[in-house]
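The entries follow in the order I made them.

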Amino acid sequence: MSSVPDGASQPAMSQRQVMVIDDDPERRHRWCALLVRHALSVHGVCPAEAATAVRQWAGIVLISDGVAGAAEGWRLAQQVRAANASTPIILLGAAAPHASHPDPIAQAVLPPDAPEDRVLQEVERWVKAIPQSVELLLVDDEPKWRTILQNYLELKGFTVLTAGSGEEALAQLERAVPQACLLDVKMPGLDGMATLQRMRASHPDLPVIFLTQIDEEQTAEEAKVLGAHDYLVKPFISFEQLEVLLRAKLSR
């Protein structure tokens, strides 16, 4: 995921993500710091970055229009809504002009001088309204590739547990039971095939999708006999294809 300005935390659980949009860096930093202290993952951006940043955002958007005025705040809310039709928007600013800003552009509108407790209460209300994300286990020994996949999946609303080896993956399964697993074939130590065999002993119904290199496709086909549900060839994986495949397996 892109770097998070203002000293905010990296998003860990998508349903507890808050994006703070404000053109005043000091005020933006203050809101980010406050939200982080209340166990929320926060991403702070300036208005110029808002439409791009929010496009695949899976959490809450808090727009603090501050001294910019109601018209600017609602213009920004419209821009965010056009880029992302589903994310809840909390506007910390003046009420909308009647005719030009029909609901539900913003799910909540608070005065610009609203107390912090009131803002936090509204944020938590909308956090709870977001459906809980699906938890995945991503197993791959390549840190860079693992991070790229994790960031994409979290932007799509999944919660992602990660493991850098088969041994670590089995340890993760002792602590949590994800809804699906993405499993690399070629890893040092316990490889994907051996890891899958051990997974099947304790989690026979866990959907597993193998991540393979081109020259490992035969191995991936053999893995289906052991209970792998499908495979994708990297590094040419279409992220959209991965998401479609995951959601198809999880809907069964």
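I took helices (H or I, at least four residues) and strands (E, at least two) as DSSP runs, numbered from the N terminus.

I noted that this is a predicted model, where local features need pLDDT of at least 70, side-chain atom pairs count only at pLDDT 80 or more, and totals for chains, interfaces and linings use all residues. Residues are numbered from 1 along each chain as its sequence is written, and side-chain values use heavy atoms, with hydrogens and water left out.

**Overview.** I found 9 helices and 10 strands in the protein. Of its 252 residues, 51% count as buried (under 20% relative accessible area; exposed is over 50%, partly exposed in between; 1.4 Å probe, protein chains only).

**α1 and α4.** I looked up helix α1 (residues 25–37) against helix α4 (residues 116–129). Their axes are 11 Å apart and the packing angle is about 60°. Axes here are lines fitted to C-alpha atoms, for helices over the stretch in contact, and angles run from 0 to 180 degrees between N-to-C directions. The crossing of α1 and α4 is right-handed. Trp31, Leu34 and Leu35 of α1 make the contact with Glu116, Val119, Leu120 and Val123 of α4 (contact means heavy atoms within 4.5 Å). I sorted the residues of this contact into 6 nonpolar, no polar and 1 charged. Ala, Val, Leu, Ile, Met, Phe, Trp, Tyr, Cys and Pro count as nonpolar, Asp, Glu, Lys and Arg as charged, and the others, Gly among them, as polar.

**α6 and α7.** The axes of α6 (residues 166–175) and α7 (residues 192–202) come within 9 Å and cross at roughly 15°. That makes α6 roughly parallel to α7 (angles under 35 degrees). α6 passes α7 in a right-handed crossing. On α6 I listed Gly166, Ala169, Leu170 and Leu173, which meet Thr195, Arg198 and Met199 in α7. That contact divides into 4 nonpolar, 2 polar and 1 charged.

**β6 and β7.** Strands β6 (residues 135–139) and β7 run parallel, joined by 5 bridges. Leu136 stands opposite Val160 in β7. In β7 (residues 159–163), 4 of 5 residues are buried.

**Pro207.** I found Pro207 in the loop between α7 and β9 (208–212). Pro207 is buried, at 15% relative accessible area. Leaving aside neighbours within four places in sequence, Pro207 contacts Gln179, Ala180, Cys181 and His229.

Key
Angles under 35 degrees count as roughly parallel, over 145 as roughly antiparallel, 65 to 115 as roughly perpendicular and the rest as oblique. A crossing is left-handed if the near helix is turned anticlockwise from the far one by less than a right angle, and right-handed if clockwise. Two strands pair if DSSP finds at least two bridges between them.
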